[in-house]
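Have the viewer open while you read.

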Amino acid sequence: MKKVIVAIMISICGIVNAQEVENDSIKPISLDSLQQAINEHQLKFDALNEQLSPLQEEVDRMSKLKISGYMQVQYEMYNYQDVPTATGMFQLKPGTSETNVPLTTNPVDVSNSFVIRRARVKFTYKPIEGVAFVLQPNFSFSAVTLKDAYVQLNDPWLNTFQLWVGQFNRPDYEVEFSSRDRIILERSRMTTILYPQERDLGAKFVVDFATRYEIPLKIDFAAFNGNFGEGPIANQVSDVDSHKDIAIRATYSLKFPSAGLGIDFGGNGYFGKNTVFAAGTYSDINNNPFTAAVGDILDKHWFGAELQMFYDVLGGFALKSQFNKGVISGTAGSAIVNNNPSFNFSGEREFLGYYVELEKNFGTKFQAAVRYDSWDPNSRLSGDAVTVAPDLRVHTWSFAFDYFFTNYTKIALGYSMPINETSSTVGGIYTSDVKNNTTTLRFQVNF
């Protein structure tokens with residue numbers, strides 16, 4: 001019996017020792033496994049990082065690209081003028097703003113239409129600090145046109161100077177104020193005639209003393225080809241001669257926070273030339289005829305002033321005005337390569353143009369504005385002394401009321417009422433005001 005008990009005890013001790021040995025041997029094996037598992041996970045993390053790196057680079061690259069845009073679709077109703085001709089009545093109706101033609105003729109009456117006014121997508125890419133590439137096409141129902149395509153370089157040392165090269169807006173307040181943010185639906189007649197299609201090809205040097213020196217003075221100096229938006233739209237060329245137009249604009253800002261008042265004001269100058277591409281009889285600024293040959297040079301220059309006043313009272317209102325006076329020139333004929341469609345005249349004219357606009361906010365949902373603008377293409381003649389229709393002065397009243405359906409969607413109702421100077425010497429339909437009023441209901445979406 002003793003032998004049996006001893007044998008059992010020895011067996012139990014053996015089992016215990018075996019378990020102790022087994023437990024002792026587990027520890028180094030677990031550490032190795034843990035180390036191996038960590039190494040395996042590390043390899044997986046490394047592989048995952050390798051997979052994510054291109055994705056991160058793509059995200060970084062995409063974060064440097066900003067895409068924005070807006071679309072304006074509208075319904076227009078025209079108050080058109082019938083004009084008697086040898087072949088019958090011809091309709092004279094307001095021209096499209098896209099071509100800047102104030103009046104166009106139509107063989108059949110059109111009193112209303114749906115229009116895609118603007119559909120634009122703007123791509124802004126900033127690969128590194130201080131460098132930007134901007135590309136903005138415009139889509140219409142019949143064509144795609146290029147609005148903006150330029151490179152902008154900002155100096156990294158003083159953060160004061162900029163260089164723009166490419167196609168962009170000419171330096172002018174109303175030109176550079178985006179049509180997306182405007183209350184009155186279209187720019188003034190003066191601006192659309194002086195700056196066809198608003199943009200041009202060239203280079204611009206900007207000095208902004210506000211960012212570093214806290215002096216609210218900004219100066220733009222630009223050189224352009226000087227013929228963008230002119231000539232047949234379907235046959236646009238980059239340049240038609242070696243002459244360049246020079247544009248200068250300087251603005252200064254005053255702020256009175258305690259009074260809720262801000263005032264921006266400035267001045268501008270434009271100096272260019274027009275080359276004659278069709279020989280014939282032209283007229284100078286004194287209305288005297290002269291013979292021009294192909295290659296002759298016509299004068300083109302003007303000086304202007306601007307004022308914008310913003311007052312934070314009763315929801316806020318703004319008063320805006322611009323004035324320009326100088327000499328504009330051109331050649332009549334839509335087939336002429338540098339014909340300005342809004343100044344379809346052969347010769348030079350001393351002009352005077354201005355506008356005054358009042359804008360008012362009503363809460364956060366409503367805006368309203370009224371504008372009076374005047375364009376006198378020949379300030380040396382008036383009334384019956386005017387002998388041709390392109391020399392007649394035009395005053396235009398414009399009204400607009402906006403409702404913001406959402407923060408990115410608004411509905412605008414606008415009315416434009418041009419009133420032309422009359423002249424019995426010109427005769428015809430110009431012995432009274434031409435019927436060319438327009439009512440527009442516009443829907444706009446931004447993104």
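Ring pairs tie Y195, Y270, W302, F351 and W375 into one cluster. Rings of Phe, Tyr and Trp (its six-membered ring) pair here if their centres lie within 6.5 Å; planes under 30 degrees apart are stacked, over 60 edge-to-face, and the rest tilted. Bear in mind that this is a predicted model, where local features need pLDDT of at least 70, side-chain atom pairs count only at pLDDT 80 or more, and totals for chains, interfaces and linings use all residues. Residues are numbered from 1 along each chain as its sequence is written, and side-chain values use heavy atoms, with hydrogens and water left out.

Searching the whole structure gives 23 aromatic pairs. Y270 and W302 make a stacked one. Y270 belongs to strand β12 (residues 261-275) and W302 to strand β15 (residues 297-311), so this pair ties together parts 32 residues apart in sequence. Strands here are DSSP E runs of at least two residues, helices are H or I runs of at least four, and both are numbered from the N terminus. Both Y270 and W302 are buried, meaning under 20% relative accessible area, with exposed over 50% and partly exposed in between (1.4 Å probe, protein chains only). F343 and F345 are buried too, but their planes sit at 65°, so that pair counts as edge-to-face.

| Pair | Centre to centre | Angle between planes |
|---|---|---|
| Y270 and W302 | 4.5 Å | 5° |
| F343 and F345 | 5.9 Å | 65° |

M71, V73, I116, F141, F362, F366, F401, L413, L441 and F443 make a nonpolar surface patch of about 930 Å². The elements giving two or more residues to that patch are β1 (65-79) and β21 (437-446). L441 lies in β21 and is partly exposed, with a relative accessible area of 32%.

Zooming out, the protein has 4 helices and 21 strands. Buried residues make up 38% of its 447 residues. Among contacts (heavy atoms within 4.5 Å) with a separation of 6 or more, 60% join residues 24 or more positions apart.

Terms used
Patch = residues over 30% accessible without salt bridge, like charges linked within 9 Å, V, L, I, M, F, W, Y side chains within 5 Å. Areas by Shrake-Rupley, 256 points an atom, 1.4 Å probe, with all protein chains shown as cover. Salt bridge = Lys/Arg side-chain N within 4 Å of Asp/Glu carboxyl O.
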